[in-house]
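I set out to look up how the chains of this model are built and how they meet. My entries follow in the order in which I worked.

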Amino acid sequence: MSVEEQVIENAKQGKLLTHKCTNCGFLHLSTAYYCLKCGSKGFENVLLPGTGTIATYTIITVAPAGFEKFTPYAFVVMLLDNEKLRISGFMAGISTPADLPVGTKAKITGFDERGIIIEKQ
Amino acid sequence: MSVLLVEKVCVLGAGSTKYGKLSDSLADITVQASVSAIDSAGIEPKDIKASYISNVFGVADKQVHIGPVLMSRLGIPDKPSLTIESACGSGSVSFREAYANIAAGFYDCLIATGVEKVTHTGTEWTTTYFAYCSDFFYEGQAGASFPGLFASMARAYLTEFDATEEDFAKVAVKNHDNGCLNPKAHMQKKITIDDVMKSPVVASPLKLYDCCPFSDGASSVILCSEKFAKEHGGDYIEVIGSGRGGSAAALQGREHLTTIPSTKIASEAAYKMAGLTAKDIDFAEVHDCFTIAEVVDTEDLGFFEKGKGVQAVREDRTKLNSDISINPSGGLKSKGHPIGATGIGQVVEVFDQLTGNAGARTVKDAKVGLTHNFGATGASCAVHIFQSV
């Protein structure tokens, strides 16, 4: 299974696969091949629960092809609980900023043609 | 790392097509801009030793590998060319490659031309294909558009700092005011804060008038060694600083969501080479693809402290002939954003300003100008500094 396929399979289970540097301990998304901090190539897989808080987001009304039928929807950047790591994803059912204050608790719930799916907790 | 420069690099000529919705082909507008740069420089095509052509979506007009087409039409098909793609930052990268080749002594005279032609494809095509410039697995695949990614930065900025959507709107109003003084600008139309606030939401909190238009257009400059410039006479300007930088491809991987690291890295390198600081810059053409971008750019370039860029806008400190004239051309917002041409178009504006050809939008007593152009959400960036001779 490719690295991206592993991310997808874990997202479908509501989990986030990450890479922890075996040399310095810095945590990355699992698409990292070398450590951002020390340049080392050794990683151990760490499976995170996929929960966090919304760091920022946008509500998209003019969508790329394939997403028109989902508008309005949110593209969100989520800060993972207890980590300095963020993950982006698609959030359905958001039409005004009042629906999604920054800091809202959220979690990964799947993966489909809309990419990584994130929902409010 | 210090850089060994064999030759001082000058810009000897510059020209652009009008930016907007153009009916001529990609190849035609590439040649039109290039010929105007050649005429402006007072040289002949045979003086040109090679070309650097920036273009992203040539496929949309059935023409990729545009370099040899240009050289053939200029009557110099034996001269080499390189076509460069670096998303919306392609133009400044092709300028940089030409700059580096002259500085290193490989050539004494080059042409750098940028071009884009996409308006005939429509908003859905452009929205879709531009999103391919993101880190697609994480961003485009999850429905992020480019307005959406900059809107995410805008939301973070509104959350972190004392800023309002009206502050962002004021950037658009200022750039449209400047663009009205630029005969080649795409959007020569004065707008008000109210117009921006009432325009349709594209990606909250960004509205239509917070966004630059999709534009067609081509821009071209002639770069040469100082010796070549002096021999050929005519007006020229000197390139005194050149820097490049990178940022994590996806926003999620940036330490701060309201800073573009590549801008800081590129500008610090350019300032160091020029022996200048941000305070020495008289005017700047910055990458204002969205209003939030101009605010962030002016902070990352060192003109204002982080979080204070909106205050400068509020106090009219970035207007034409104020503290620092930001985007006297109208910027991407009003002049337009033909993505492969934009970085070269910025150099055309600096050339016109520093050689006294900027007409009603002239920055008074300007001696030093800066260009700042990036690709995608600033994943790649180049900054150049120029001075009058």
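Entry 1, chain B as a whole. I looked up burial and found that 64% of the 389 residues of chain B count as buried (20 or more other C-beta atoms, placed from the backbone, within 10 Å of the residue's own). This is a predicted model, in which local features need pLDDT of at least 70 and side-chain atom pairs count only at pLDDT 80 or more, while totals for chains, interfaces and linings use all residues. Residues are numbered from 1 along each chain as its sequence is written, and chains are lettered from A and ligands numbered from 1 in the order in which they are written.

I noted 13 helices and 12 strands in chain B (DSSP runs numbered from the N terminus: H or I of at least four residues for helices, E of at least two for strands). The radius of gyration of chain B is 19 Å, close to the 21 Å of the globule rule for 389 residues, so chain B is as compact as a globular protein of that length. That radius is taken over C-alpha atoms, and the rule is 2.2 Å times the number of residues to the power 0.38. The C-alpha atoms of chain B fill a box of roughly 55 × 45 × 40 Å along the principal axes.

E1(A) pairs with E3(A) (residues 43-48) in the antiparallel sense over 6 bridges; pairing requires at least two bridges found by DSSP. In this pair, Cys21(A) stands opposite Phe43(A). E1(A) also runs antiparallel to E2(A) (residues 27-29), joined by 3 bridges, and Thr18(A) stands opposite Leu29(A) there. E1(A) and E2(A) form a hairpin with 5 residues between them, and Gly25(A) in the turn has a positive phi of about 85°.

I found 28 residues of chain A in contact with 28 of chain B (C-beta atoms, placed from the backbone, within 7 Å). The largest share on the side of chain A, 6 residues, comes from E4(A). I also noted 2 bridges that join E4(A) to the antiparallel strand E5(B) (residues 201-204), where Ile59(A) stands opposite Ser204(B).

Note on methods:
Contact = placed C-beta atoms within 7 Å. Buried ≥ 20, exposed ≤ 12 C-beta atoms within 10 Å, placed from the backbone.
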